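Subject: Structure handover

Hello,

Here is the structure for you to look over. My notes follow below it.

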Amino acid sequence: MRSVARLLKFAGQSVLRNFWLSFVTTSVLLLTLFTVNMLIVMNVLADATINSIEDKVQVEVYFNQGTSEDIQKSVHGYLAALPQVKDVAVISAADSLEAFRILHADDPEVLAALAEVGGNPIGDSLLISANNPADFEFILAALDSSPEYAPYIKEKNFADHQAVIDRLSDFSDQVRWGGLGLAGFFVLISVLIVFNTIRVAIYVHRDEIAVMKLVGAQDWFVRGPFLLEAVFYSAAATTIMAAICGFILKFLEPQIRSFFTGVDVSLTTYYWEKALLIFGAQFLALAALSMITTLFAMRKYLKI
Amino acid sequence: MITFKNVSKIYKPETKALDGVSFHIRPGEFVSVVGTSGSGKTTLAKLLFAEESPTRGSIHLGDWDISKIRRAEIPVLRRQIGVVFQDYKLLPKKTAFENVAFALEVAGAATSRIREVVPQVLKIVGLSDKMHRYPRQLSGGEQQRVAIARALVHRPKIILADEPTGNLDAITSREIIELLKRINDVGTTVLLVTHDREIVNAMRRRVITIQQGKIVSDVEHGKYHLG
Ligand SMILES: Nc1ncnc2c1ncn2[C@@H]1O[C@H](COP(=O)(O)OP(=O)(O)OP(=O)(O)O)[C@@H](O)[C@H]1O
Ligand SMILES: [Mg+2]
């Protein structure tokens with residue numbers, strides 16, 4: 001306990017004595033964490049956006065006119081039983097017609113054409129939602145290849161959301177890779193800066209280290225303060241990062257929300273729920289990184 | 001207490017600093033090691049202190065074989081040997097008290113023990129009234145006293161002093177030697193490495209003379225006899 005207190009004291013002295021170096025080191029670690037958190041935010045936003053679009057992807061399957069209700073029911077049952085299918089809704093021909101009319105209310109030509117045909121040209125239909133939009137291919141193929149049901153299906157309308165989703169995930173993947181590259185770059189810079197800081201700290205304390213060895217200090221007592229120094233920088237950077245995140249989220253959440261209208265995204269909730277996990281993990285990773293770097297710096301410069 | 005048996009030390013690539021050195025020092029002895037510059041005196045001290053390891057031969061301290069010491073044991077050894085150097089090796093940003101206390105701190109001593117022991121050893125070296133001064137506020141002799149106080153703080157069985165008077169004038173040197181003698185009088189073995197002819201001659205204690213890494217004489221009540 002006593003020794004730990006003394007190690008902390010020595011480490012603290014080292015941090016304060018090289019104030020500017022400590023400042024720069026913490027700043028670079030902070031920048032690294034910043035890129036990592038940007039990455040997290042990008043991920044959350046991209047996922048939320050893609051999810052919300054995916055949720056809207058539905059396929060409508062139209063029956064031939066006059067398909068009996070029994071058949072409709074068994075197709076419904078067949079589709080609903082597929083594990084890939086999330087939901088199947090029945091839409092009556094009348095509802096479909098009504099919806100069509102509303103959709104084209106401003107389009108007299110279409111309405112005129114509809115009147116000319118007379119009656120209801122649209123059959124009953126099923127509206128399918130999948131758990132995953134990629135499954136639609138499978139679901140529709142299953143329907144096509146079923147000899148009992150295929151003949152009753154007039155057409156399938158697969159609104160082409162998939163292309164949008166693909167483009168979006170391509171883009172978010174690119175951003176993710178870019179972010180990862182940037183984070184990697186900052187990790188590298190961090191390693192170099194921490195290495196240099198510890199090297200300087202060892203140099204500044206060379207007399208103390210020599211005396212420590214002279215009077216019989218254990219190795220861990222000589223090394224301890226430098227490792228603690230690394231932990232200290234990591235803790236400081238993580239704390240500042242957490243504060244900045246809290247601040248940004250509190251004041252920017254409304255803007256973010258309005259930018260992503262209709263997308264259910266709450267970064268605040270995300271961070272709030274996982275704050276301990278997110279920043280705890282960041283601290284541990286950063287501390288591990290800087291301690292390993294410190295070990296290397298000590299191996300090179302701390303001859304004991 | 002201390003036994004060197006056929007000890008040689010070769011610094012890479014081929015400096016033979018010590019060459020087949022053997023001697024034995026009994027507990028409570030006051031032994032001076034003399035020799036010209038480069039004869040291997042400091043090397044001998046470093047071997048005893050486990051700062052260097054011998055190329056050949058064995059070094060025993062009590063029933064401890066220092067030539068085969070494990071890294072983890074070195075701090076334990078060093079707390080049993082108080083060392084004093086020509087350049088004092090004090091920390092400039094610490095007061096006399098703090099410099100002495102530092103040796104106890106890094107060894108994990110309790111604060112209460114530090115408060116008790118540090119004034120005691122500073123009193124032994126006669127610096128009770130100056131313990132809150134920084135090294136730059138002390139004379140060379142006083143700084144060396146602080147260093148001796150620090151060496152005493154673990155109550156070592158041996159004091160190893162490598163040219164402790166090298167930077168001091170004749171009168172101050174004599175005072176430092178007197179201090180080492182008093183420490184020796186209470187039972188601490190003292191190994192003094194020195195150049196100083198007058199000191200050695202006035203002492204009339206055992207003198208080991210080294211030349212080019214070899215012991216050329218080892219006499220009780222010796223004199224300094226080098227050209
Ligand atoms: N670390 C080292 N590496 C290589 N050679 C060394 C090293 N230390 C000492 N020597 C050489 O070993 C020899 C003995 O050196 P040592 O320091 O023991 O002499 P000394 O008797 O203490 O001299 P002085 O009276 O000048 O202090 C010298 O030739 C010196 O150059
Ligand atoms: Mg020497």
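The shell around ligand 1 has nine polar, two nonpolar and two charged residues. The classes run as follows: Ala, Val, Leu, Ile, Met, Phe, Trp, Tyr, Cys and Pro are nonpolar, Asp, Glu, Lys and Arg are charged, and the others, Gly among them, are polar. Please keep in mind that this is a predicted model: local features need pLDDT of at least 70, side-chain atom pairs count only at pLDDT 80 or more, and totals for chains, interfaces and linings use all residues. Residues are numbered from 1 along each chain as its sequence is written, chains are lettered from A and ligands numbered from 1 in the order in which they are written, and side-chain values use heavy atoms, with hydrogens and water left out.

Ligand 1

In total, 13 residues surround ligand 1. A residue belongs here if one of its heavy atoms lies within 4 Å of the ligand. The closest are B:Ser37, B:Gly38, B:Lys41, B:Thr42 and B:Thr43. Strand 2 (15-25) and helix 1 (41-48) of chain B each supply at least two residues of the shell. Helix 1 of chain B has the largest share, with three residues. Helices (H or I, at least four residues) and strands (E, at least two) are DSSP runs, numbered from the N terminus.

For B:Ser39, a backbone N or O atom lies 3.2 Å from an oxygen atom of the ligand. B:Glu163 brings in a polar side-chain atom, 3.3 Å from a ligand oxygen. Taken alone, ligand 1 exposes 630 Å², and the protein buries 63% of that. These accessible areas come from the Shrake-Rupley method with a 1.4 Å probe; for residues, only the protein chains shown count as cover.

Between the chains

On the chain B side, 23 residues are in contact (heavy atoms within 4.5 Å) with 19 residues of chain A. The area buried between the two chains is about 1,900 Å². Carbon and sulfur atoms give 55% of it. Buried area is the accessible area (1.4 Å probe) that two parts lose on being put together, summed over both. In chain B, B:Arg71, B:Glu105 and B:Val106 lose the most area to chain A, together 29% of what that side buries.

Two salt bridges link chain B and chain A. A salt bridge here is a side-chain nitrogen of Lys or Arg within 4 Å of a carboxyl oxygen of Asp or Glu. B:Arg71 forms one with A:Asp219, at 2.4 Å from N to O.

Helix 2 (74-78), strand 6 (81-85), helix 3 (96-105) and helix 4 (111-124) of chain B each supply at least two residues of the side that touches chain A. Helix 3 gives the most, with four residues. That side of chain B divides into 13 nonpolar, three polar and seven charged residues.

Elsewhere

Over all chains, the whole structure holds 16 salt bridges. A:Glu208 and A:Arg17 form a salt bridge, with their closest N and O atoms 3.7 Å apart. A:Glu208 lies in helix 8 (residues 206-214) of chain A and A:Arg17 in helix 1 (residues 2-17) of chain A, so the pair ties together parts that are 191 residues apart in sequence.

Please also check the backbone at B:Pro13. A cis peptide bond joins B:Lys12 and B:Pro13, with omega about 0 degrees.

Best wishes

Methods: Polar contact = N/O pair within 3.5 Å; in protein donor to acceptor, adjacent residues only side chain to side chain.
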